[in-house]
Amino acid sequence: MDSFDLTIRNGTVATATETSRCDLGIRGGKIAAMAERLPAGQRDIDAAGRYVLPGGIDSHCHIEQLSGMGIMSADDFYSGTVSAAFGGTTTIIPFAAQHRGTSVTATVADYHERARAKAVIDYGFHLIIGEPTEKIMNEELPAAIKGGITSFKVYMTYPKWKLEDYQLLEVLNVAQREGALVMVHAENDDMIRWIAKRLIERGHGAPKFHGVAHDALAEAEATNRIIMLSRLLSVPVLIVHVSSPEATNTIRAAQTLGARIYAETCPQYLVLTAEDMDQPGVEGAKWCCSPPLRDKAAQEAIWAGLANGTFQTYSSDHAPYKFDETAKIPRGEQTTFKEMANGVPGIEMRLPILFSEGVLKGRLSLNQFVALGATNHARMYGLYPRKGTIAVGSDADLAIWNPEIEKRIDYSMMHDAVGYTPYEGHLYKGWPEIVTSRGRIVVEDGQLKVERGSGQFIQRGVPGPVAAATTVDGPARKLRKLIHG
Ligand code: URP
Ligand code: ZN
Ligand code: ZN
């Protein structure tokens, strides 16, 4: 037997379903052997006292992307992927964003070009659909799907991206026909605009009023509406960045009925609250994201949703905007919450927060941590079993976690290009020490070990379900027959 390029021995290996004491042998970038005892390879890592876990998959992040408000994110594909890797993530799926008046084909080519020479870990793209014209729906989306971009994001808010219900149905229909998954930003645009106008007129433009304008009922209403549209056609949807108990309960109720509704949440909704936005001047803009941070009761509801399976994926929604006049505060101290770039950075903090506050505090098992941070993303977005698990034949994308290391967060520890972290001063325990991507050591001893551009685009397959769902699609089946013959 040829020797291994790399062995990782004496560690505790966990997947989404199992935990065992196991050695890993890696050859040609793949996991070649798993056994209780393996001989040392050319390079041998002693993982005693460590957890050896699948590298994380972050399926919601905004990298080198122009936002719906026309603001460029601070991270490019180099800083964004380096930061992800230091946080134990080995695959990202950011967005290629189609803005109105531009073609999907040109958009996709542009994002490939940006990522190719910079990414240090593997990546795919989702497509944001800003304008579902007939040509895009019938020609360009099918071509993008054939090219391995098998998921779309649509918005129910933001003036430049918001789709009407009719358009949402058209997108769902194409997704069903072509085999793609639709991700939805669910907030009721009219409710938010109506409240915001009145707040601004009364001089309430400070960041904390962002949370008032984006009422939890606006999130719940849109969540309920997209669920009904999804059920009408029996097309699964994944509701992203869920923040409120109201939306969580709405999703849970639909899942209980058997509807194929999936959901994602993010670190900011677990450990930050609306009080963080209440800072002097415009400082609170650093904590403005949409949907917004809520209260302690909402945090508990989101934790419960992670533990009870309402949420299948846990992503960063890393939306890195500098705290300056190019992004967060375009009019300096005069900027109102309506003018601020929405979003918080978190690609590097995503998994350490879940590990520390979820696993070590007993809210989640280690296997749930793996499922929520990696495996379910791979299954849902057509990467499984190449990514998202530890199995013979899978890519050797791994993160070796030391559960004893404790760090107080200081922005100087971060590897992004944003300039601040909303988690400044927080204390988290359990950090990844060594990270590998296709058997290459990416991070070790706090150092980046790979070249810019060494990450690869991963052509994704057909999205799959996470758990067998019974369906309530009887009426939808009849409707499909009538419509499609
Ligand atoms: O506030 C957020 N989440 N900004 C990023 C864009 C989005 O809607 O995900
Ligand atoms: Zn969104
Ligand atoms: Zn986002």
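1. A residue counts as near a molecule if one of its heavy atoms lies within 4 Å of it. By that rule, 13 residues surround ligand 1. The closest are Lys 153, His 185, Ser 290, Asp 317 and Asn 342.

2. This is a predicted model: local features need pLDDT of at least 70, side-chain atom pairs count only at pLDDT 80 or more, and totals for chains, interfaces and linings use all residues. Residues are numbered from 1 along each chain as its sequence is written, chains are lettered from A and ligands numbered from 1 in the order written, and side-chain values use heavy atoms, without hydrogens and water.

3. Polar contacts next (pairs of N or O atoms within 3.5 Å). A polar side-chain atom of Lys 153 lies 2.9 Å from an oxygen atom of ligand 1. For Ser 290, a backbone N or O atom is 2.7 Å from a ligand 1 oxygen. Gly 343 places a polar backbone atom 3.2 Å from an oxygen of ligand 1. On its own, ligand 1 has 260 Å² of accessible area (Shrake-Rupley, 1.4 Å probe), and the protein covers 96% of this.

4. The shell around ligand 1 has 4 nonpolar, 7 polar and 2 charged residues. Gly counts as polar and Tyr as nonpolar here.

5. Cavities are sets of points on a 1 Å grid over the protein atoms alone, where a 1.4 Å probe fits but cannot get out. The structure holds 4 of 30 Å³ or more. Lining residues have an atom within 4 Å of a point; of the 20 here, His 62, Tyr 155, Tyr 158, Tyr 321 and Asn 342 are closest to the centre.

6. Ligand 1 takes up the space of the largest cavity (more than half of its atoms lie within 2 Å of the grid points). The lining has 8 nonpolar, 10 polar and 2 charged residues.

Key
A polar contact is a pair of N or O atoms within 3.5 Å; within protein, one must be able to donate a hydrogen and the other to accept it, and residues adjacent in sequence count only if both atoms are side-chain atoms. On a 1 Å grid over the protein atoms alone, a cavity is a set of points where a 1.4 Å probe fits but cannot get out, and a pocket is an open set with protein on both sides within 12 Å along at least five of seven lines; lining residues have an atom within 4 Å of a point. Grid points are joined across faces, edges and corners, and a volume is the space filled by probe spheres set on the points.
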